[in-house]
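Trainee: I have a model open and would like to learn how to read its features. Where do we begin?

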Amino acid sequence: MPESDTSSDNPGVIAFPPFIWLASAVISALVHFFLIQLPIMSYSACLVCGIALVILAPTLALWALVTMKAAGTNVAPAKPALTIVRGGPFRFTRNPMYLALCLLQVALGFFLNDWITLLFVVPLALILHYGVILREERYLTAKFGEPYLQLKREVRRWF
């Protein structure tokens with residue numbers, strides 16, 4: 001492949017993952033505010049859970065970002081992967097950034113004290129799984145072969 005042609009050297013994910021989360025957050029909030037609300041528990045308990053998750057999720061994502069940068073690979077899924085990242089949060093999950101996006105959706109559900117909003121994490125996770133993660137896994141397997149397959153055997157996909 002010519003060096004200037006990197007357009008096909010990426011996993012071809014369906015959309016930029018933070019935009020997928022944003023769509024989930026907006027749609028779930030619209031459902032909450034305009035259609036139905038199913039409270040989870042007392043608002044003060046939900047607020048504590050929401051605050052904990054809104055601290056945990058960005059911390060996890062930032063840790064993953066710093067680890068990827070330190071490893072010398074691209075963070076954006078539209079750019080080529082340059083190496084397999086095994087340090088930081090990637091020791092525990094192969095997808096810490098996508099896990100963080102799901103945790104943000106759960107946090108939103110707790111902040112709104114709404115089961116429907118919280119349960120939007122299910123379609124979000126499915127879209128990330130089928131539209132992003134499986135595509136990235138096929139790409140990384142084709143690009144790195146056995147070293148990536150070894151990582152898959154050693155580290156869980158989600159958590």
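Mentor: Six salt bridges are counted here, a salt bridge being a side-chain nitrogen of Lys or Arg within 4 Å of a carboxyl oxygen of Asp or Glu. The model is predicted: local features need pLDDT of at least 70, side-chain atom pairs count only at pLDDT 80 or more, and totals for chains, interfaces and linings use all residues. Residues are numbered from 1 along each chain as its sequence is written, and side-chain values use heavy atoms, with hydrogens and water left out.

Trainee: What does the salt bridge between Lys143 and Asp9 look like?

Mentor: Their side chains meet at 2.9 Å, N to O. Lys143 lies in helix H5 and Asp9 in the segment before H1, so the pair ties together parts 134 residues apart in sequence. Helices here are DSSP runs (H or I, at least four residues; strands are E, at least two), numbered from the N terminus.

Trainee: Is Asp9 buried or exposed?

Mentor: Buried means under 20% relative accessible area, exposed over 50%, and partly exposed in between (1.4 Å probe, protein chains only). Asp9 has 13% relative accessibility and counts as buried. Lys143, at 33%, is partly exposed.

Trainee: Which residues are linked in a network of salt bridges?

Mentor: Arg94, Glu137, Lys152 and Arg157. Take Glu137 and Arg94: their side chains meet at 2.6 Å, N to O. Glu137 sits in helix H5 and Arg94 in the loop between H2 and H3, so this pair joins parts 43 residues apart in sequence. Both Glu137 and Arg94 are buried. Glu137 also meets Lys152, at 3.9 Å, N to O. That pair links distant parts of the chain, with Lys152 in helix H6 (residues 146-154) and Glu137 in helix H5, 15 residues apart. Lys152 is partly exposed at 29% relative accessibility, whereas Glu137 is buried at 6%.

**Aromatic pairs**

Trainee: How many aromatic pairs does a search of the whole structure find?

Mentor: First, the general idea. A pair of aromatic rings is described by the distance of the centres and the angle of the planes. Rings of Phe, Tyr and Trp (its six-membered ring) pair if their centres lie within 6.5 Å; planes under 30 degrees apart count as stacked, over 60 as edge-to-face and the rest as tilted. The search finds two such pairs. In one, the rings of Phe16 and Phe19 have centres 5.3 Å apart and planes at 75°, so the pair is edge-to-face. Phe16 is partly exposed at 41% relative accessibility, and Phe19 is exposed at 56%. In the other, Trp63 and Phe92 have ring centres 6.4 Å apart and planes at 45°, so the pair is tilted. Trp63 lies in helix H2 (residues 43-71) and Phe92 in the loop between H2 and helix H3 (96-112), so this pair ties together parts 29 residues apart in sequence.

**Helix faces**

Trainee: Why do the buried residues of H1 line one face of the helix?

Mentor: An α-helix has 3.6 residues a turn, so residues three or four places apart point the same way. In H1 the buried residues include Ile20, Ser24, Ser28 and Val31. Seen down the axis, the buried residues of H1 fall within an arc of 160°, so they line one face; the arc is that of the directions from the helix axis to the C-beta atoms. The face turned away carries the exposed residues Phe19, Phe33 and Phe34.

Trainee: What covers the buried residues of H1?

Mentor: The cover includes H3, H4 and helix H5 (121-144), where contact means heavy atoms within 4.5 Å. In H2, the buried residues pack against H3. Among them are Leu53, Ala57, Leu60 and Ala64.

**Loop details**

Trainee: What is the phi of Asn113?

Mentor: Most residues other than glycine have a negative phi, and most peptide bonds are trans. Asn113 has a positive phi of about 50° although it is not a glycine. Asn113 is placed in the loop between H3 and helix H4 (115-119). At 13% relative accessibility, Asn113 is buried.

Trainee: Where is Thr73 found?

Mentor: In the loop between H2 and H3. Thr73 is buried, with a relative accessible area of 7%. Leaving aside neighbours within four places in sequence, Thr73 is in contact with residues including Met68, Pro80 and Val85.
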